[in-house]
Amino acid sequence: MTTATEINQLFPRPLWQWFEQICAIPHPSGHESVLSAFIQNWAKEHHLPVIVDHVGNLIIRKPATPGMEDRKIVVIQAHLDMVPQKNADKVHDFVTDPIDPWIDGDWVKASGTTLGSDNGIGMASALAILGSDEIKHGPLEVLLTVDEEAGMTGAFGLQAGMLNAEILINTDSEQEGEIYMGCAGGVDAEMTVPIQWQPANQQHLTMTLSMSGLKGGHSGVNIHLGRGNANKLIARFLAGHATELQLALNEFNGGSLRNAIPREAHCTFTIPADQVDLLKQRVAQYQGMLQAELSATEPALKLTLTDAPAATQTMVSHTQKQLINVLNTCPNGVIRMSDAIVGVTESSLNVGVVTTKADSVSVLCLIRSLIDSGRENIESTLQSLSDLASASIAFSGCYPGWKPDTSSPVMAIVKATYESIYHKEPEIMVIHAGLECGLFKKHYPHLDMVSIGPTIRFPHGPDEMVNITTVGQYWTLLLAVLERIPAKA
């Protein structure tokens with residue numbers, strides 16, 4: 001393992017030095033204020049005008065390199081927050097503890113947590129450019145948005161008149177050699193299943209069944225990989241065996257973020273003592289079946305049975321059955337592949353977070369689609385499922401996709417620049433994830449946009465890693481593009 005202090009020696013050093021600083025300041029979604037204050041103070045020390053808007057977005061401006069004052073204004077955009085995910089055995093408080101990055105060959109990883117390279121590398125690149133006296137560029141703006149991962153609050157809140165730029169370079173893409181010109185839109189869906197309770201049978205044992213060891217990952221970028229969803233896998237077991245084993249549920253909880261594929265879930269229940277041996281047999285059989293089904297995608301999956309403190313209440317049978325049916329039948333994963341763009345997911349659903357409350361169980365899902373009709377189709381499916389289960393459903397936080405513009409001038413510049421540097425054609429792509437670009441179009445309809453970035457693997461999970469070589473390639477491309485921005489019309 002290489003120590004974190006060596007990360008700031010990587011190429012390009014200004015970017016990696018900033019990334020190391022970003023890792024040292026906790027900044028999960030909703031808790032970006034300390035990092036924001038640090039950046040504001042740094043900007044003021046370097047005599048760079050900085051604005052904080054009404055939702056907390058930062059806008060920092062830098063004059064053009066002498067001789068390039070006539071170029072079109074460019075805004076480099078990243079988000080301040082990161083996804084807080086960790087392994088179950090990792091002791092870490094994302095609000096107070098720094099990220100611990102380390103080098104593994106050609107990759108930078110974190111120790112048991114998300115790394116925050118999504119979108120910390122993009123943020124670091126923007127700040128490194130602001131701090132340089134050597135990089136050539138026209139007039140620059142840097143936009144750092146808040147709360148992108150949890151609800152795109154910053155992008156929703158950005159008002160007209162805040163930006164002067166004609167071109168926006170989004171830095172939130174995650175594959176070197178690919179240039180993004182569009183993305184999926186999305187909406188949150190929360191089903192609420194009402195629960196009635198009864199006193200627990202004190203003659204029965206109380207046990208917990210836990211699912212762990214899954215890879216998880218980004219619910220858009222990784223959704224097509226067929227990874228296991230811990231909520232769905234626990235529900236599948238209950239659907240098959242709860243009645244047979246006379247299980248009475250006390251709780252079901254799983255996942256932690258609507259936009260991360262759940263890696264862990266558990267349910268607690270009571271069971272007659274004479275059914276425990278059969279329970280252990282069924283769990284072993286189910287684990288073996290899953291290991292065979294998911295051998296390529298989830299080699300470390302694990303089901304664990306443990307004793308639990310005696311439950312005081314359990315779900316009334318018919319409400320328990322409704323809950324299990326909702327979780328077992330709820331669609332999950334890829335719903336449809338795109339007809340227009342080969343190999344790209346059109347529509348998907350992630351059953352992200354299941355939470356047992358006082359009188360209900362909440363099932364929080366994230367719907368994504370490249371087209372409105374695809375999103376509306378999934379919304380209709382979930383509405384029907386809720387109606388059948390006597391549950392309620394609420395849709396919120398709907399954000400638009402970013403419609404591809406094949407005639408984009410900045411796209412042509414980035415493509416030609418990439419070809420001139422690397423002597424190969426980049427792939428022009430649409431990403432099945434929620435970039436903020438679609439929201440920016442509301443108040444800035446004429447903004448010409450493109451998205452680029454280094455190669456990041458397994459974002460939104462503790463296996464997240466960023467490829468060192470591609471960070472250098474991304475940096476080289478970004479600087480060359482800035483130098484090629486044309487003059488204003």
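Biologist: Hi! Which residues does S338 touch, not counting those up to four places away in sequence?
Modeller: S338 touches V344, T345, E346 and L370, leaving aside residues up to four places away in sequence; contact means heavy atoms within 4.5 Å. This is a predicted model, where local features need pLDDT of at least 70, side-chain atom pairs count only at pLDDT 80 or more, and totals for chains, interfaces and linings use all residues. Residues are numbered from 1 along each chain as its sequence is written, and side-chain values use heavy atoms, without hydrogens or water.

Biologist: And where is S338 found?
Modeller: In the loop between β16 and β17. Strands (E, at least two residues) and helices (H or I, at least four) are DSSP runs, numbered from the N terminus.

Biologist: Is S338 buried or exposed?
Modeller: S338 counts as buried because its relative accessibility is 12%. Buried means under 20% relative accessible area, exposed over 50%, and partly exposed in between, with a 1.4 Å probe and protein chains only.

Biologist: What lies 3.1 Å from a polar atom of the S338 side chain?
Modeller: The backbone nitrogen of A340.

Biologist: OK, on to the strands. What does β17 pair with?
Modeller: Strand β16 (residues 333–337) runs antiparallel to β17, with 4 bridges joining them; two strands pair if DSSP finds at least two bridges between them. In that pair, R336 stands opposite S347 of β17. Strand β18 (residues 360–369) is also antiparallel to β17, through 9 bridges, and there T356 stands opposite V361.

Biologist: Why is β17 called largely enclosed?
Modeller: Because 11 of the 12 residues of β17 (residues 345–356) are buried, the rest of the structure largely encloses it.

Biologist: New topic: which residues have the most contacts inside the largest nonpolar core?
Modeller: W16 and I39, in a core of 63 residues. A nonpolar core is a set of buried Ala, Val, Leu, Ile, Met, Phe, Trp, Tyr and Cys residues joined through side-chain atoms within 4.5 Å. Helix α11 (residues 468–484) gives the most to this core, with 9 residues. There is also a second, separate core of 51 residues, which includes A230, L238, L245 and C330.

Biologist: Last one: how many helices and strands does the protein chain have?
Modeller: The protein chain has 11 helices and 23 strands. Buried residues make up 57% of its 489 residues.

Conventions. A polar contact is a pair of N or O atoms within 3.5 Å; within protein, one must be able to donate a hydrogen and the other to accept it, and residues adjacent in sequence count only if both atoms are side-chain atoms.
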